[in-house]
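Visitor: I would like a close look at one part of this model. Please keep it brisk.

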Amino acid sequence: MSSGFLAAKKQLPNLGVGLGLRRELAAETFAHRDQIDWLELVPENYMDLGGRIRERLDMALEKFPLVTHGVNLSIGSTDPLSVDYLDSISRLLNKIDAPWWSDHLCFTSIENSYLHDLLPLPLSSEALKHVVKRVKVAQETVQRPLLLENISYYMQMPGSQMDEVDFLAEVLEKADCGLLLDVNNVYVNSVNHNFDPYAYIDRLPLARTVQIHVAGHGYGDELLIDTHGAAVIEPVFELLEYVLKRTEVKAVMLERDQNYPTFSEILSELAQIRAIVERVQPALLPALLSK
Ligand SMILES: [Fe+2]
């Protein structure tokens, strides 16, 4: 049976190599349209549009294709899906005409309190059914393709019965949604939990990948920490190349959220990503750099 999502993926635009829109980097980001194809924004920051925020959003929209990457969908929570949240994100997605939207396979709320952390789910068949049902509702309500991202996690939740990669794969297939594959998270988890990152990628339904995140990480006492606050390391670029050789994707982006370097360092990381894309999957680059 042909998948609704996979058919929809074929219609999605090739966005190319993008960057997260961050307040601290916004002015320089807008000044380098020639080296950045598209922007990803955190929708929760743009739902209540005050003066400065509206200006930043309007400027971004004028210059770049935009997609959202949220944190508060809380797709795995036992709280009811928030109708207000789905309404707000639908309005924003309509305003920016985003080709897709994404969030994380995790939960971020308990009893309607938001925790500001991406918490891993118990990898059980009960949690699987729960998430699949909610992804379908979210996707049908918002009426745009939804991608779920693999998170970095530092503990196994009690009650887990399967590997995280199998849980993720089953959610994607059964809910018929897309994958936002974060190759830095794969790397960080592979070191922290001692598995082969390439074998992990091979177990995913890779054809569902629409977008890839590339980022740097930090070093805790015993674990690698997914900080988005350091330069991307070579093994993460190698995972990006591995994925791009195996499946067609629509967009790759660099996540940098703290400990900001000079903007020229960010541009040079974007250029490294672009060089890999040009070599391995040039079709993913947009035909024109201007909107
Ligand atoms: Fe990510």
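In what order do the eight strands close into a barrel, and is the pairing parallel or antiparallel?

Guide: This is a predicted model. Its eight strands close into a barrel in the order 1-2-3-4-7-8-9-12. The pairing is parallel. From one strand to the next, the twist averages 30 degrees. Strands of a sheet pair through backbone hydrogen bonds, in either a parallel or an antiparallel way.

Strand 8 covers residues 178-182, and strand 9 covers residues 209-215. These two strands pair in the parallel sense over four bridges. Within that pair, Leu181 stands opposite Ile212 of strand 9. A helix covers this spot. Helix 7, residues 183-192, lies across strand 8 and strand 9. Helix 7 runs at about 60 degrees to strand 9.

Now turn to a helix pair. Two packed helices are described by the angle between their axes and the distance between the axes. Helix 4 (residues 83-96) packs with helix 5 (residues 125-142) at an angle of about 45 degrees. Their axes are 10 Å apart. Angles under 35 degrees would count as roughly parallel, and 65 to 115 as roughly perpendicular. Helix 4 and helix 5 are therefore oblique to each other. The crossing of helix 4 past helix 5 is right-handed. On the helix 4 side, Leu86, Ile89, Ser90 and Leu93 make the contact. Helix 5 contributes Ala138, Thr141 and Val142. By class, this contact has five nonpolar and two polar residues, with no charged ones.

Technical notes: Residues numbered from 1 in each chain as written. Predicted model: local features only at pLDDT ≥ 70, side-chain atom pairs only at ≥ 80, totals over all residues. Pairing = 2+ DSSP bridges. Axes fitted to C-alpha atoms, helices over the stretch in contact; angles between N-to-C directions. Contact = placed C-beta atoms within 7 Å. Parallel < 35°, antiparallel > 145°, perpendicular 65-115°, else oblique. Left-handed = near helix turned anticlockwise from the far one by under 90°. Nonpolar A, V, L, I, M, F, W, Y, C, P; charged D, E, K, R; others polar.
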